Amino acid sequence: KQVTAENLGLYAVLHAKKRLEVNVKEAAALVRQGLVDVDPIFQRVIDLCPLDKWQNTEASGERLNSSLKIQFMRKFRDEIAGDSQIDLHDLKRHTNFKGVRGRDHITRWFWEIVGKDVKMRRKYLFWLTGMRRLPKGGAAELIQREGNSMSVVVGSDPNRLPVAHTCAFSCDLQPYESYEAMHKGLTIAFEEAKGFYLA
């Protein structure tokens, strides 16, 4: 049928449907199967609410309750993007310190500063690795997947700012003479973590 001014709207709707639904049907089925392979909850949600009826409150004869929908979306986010909560004990277990012999206060101050709150841990993780979230499985999964261990190397110049080496998941931390000086140095370093520079 020829497209005319009268049926142009219908043509646009049918064309969009073909491009967004029909042409991707096979790929969408593979994505759905992949989700089910990751976690069985995805099959439960798909059974209750097929993707083509996601907006419909009634699907497959059952009502998809909002708590299940929220649970699905959280699981989906965490599987794809990782966990937004960064466990301090997990970071500690998977971080090696070098050059701190006889200077235990440096390690203690460092973890007090980084462990202050989740926001500070997120800034630290991004500064050190370039990632905003740890993968599901935490720091151990990150180390296994990337082949790097997280390390903090204590340098010798307390007048320099800490420097992160994101490719190696390591940083050079200076031997600051006070908690306040370390806090200031790390805060500046974390806040300026917006690009790549030569150290």
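Trainee: How do you know how many disulfides the structure holds?

Mentor: The model is predicted, and a search of the whole structure finds zero disulfides. A disulfide would require a pair of cysteine sulfur atoms within 2.5 Å.

Trainee: What makes C167 exposed?

Mentor: The relative accessible area of C167 is 71%. The term applies over 50%, and C167 is therefore called exposed.

Trainee: Is C171 to be called buried or exposed, and why?

Mentor: C171 has a relative accessibility of 1%. Buried means under 20%, so C171 counts as buried.

Trainee: Why is D90 called buried?

Mentor: D90, which lies in helix α5 (residues 88–93), has a relative accessible area of 9%. Since the limit is under 20%, D90 is buried.

Trainee: Which residues is D90 in contact with, leaving aside its neighbours within four places in sequence?

Mentor: These are L134, G138, A139 and A140. Among them, G138 and A139 are also buried residues of helix α8 (residues 138–146).

Trainee: How do you know on which side of α8 its buried residues lie?

Mentor: The buried residues of α8 are G138, A139, L142 and I143. They cover an arc of only 155° around the axis, and therefore lie on the same side of α8. In an α-helix there are 3.6 residues a turn, so residues three or four places apart point the same way.

Trainee: What covers the buried residues of α8?

Mentor: The cover includes α5, α7 (118–129) and β4 (150–154).

Trainee: What follows α8?

Mentor: G147 follows α8, and its phi is positive, near 80°.

Definitions and conventions:
Residues numbered from 1 in each chain as written. Predicted model: local features only at pLDDT ≥ 70, side-chain atom pairs only at ≥ 80, totals over all residues. Heavy atoms only, no water. Helix = DSSP H or I, 4+ residues; strand = E, 2+ residues; numbered from the N terminus. Buried < 20%, exposed > 50% of the residue type's maximum accessible area, 1.4 Å probe, protein only. Contact = heavy atoms within 4.5 Å. Arc of directions from axis to C-beta.
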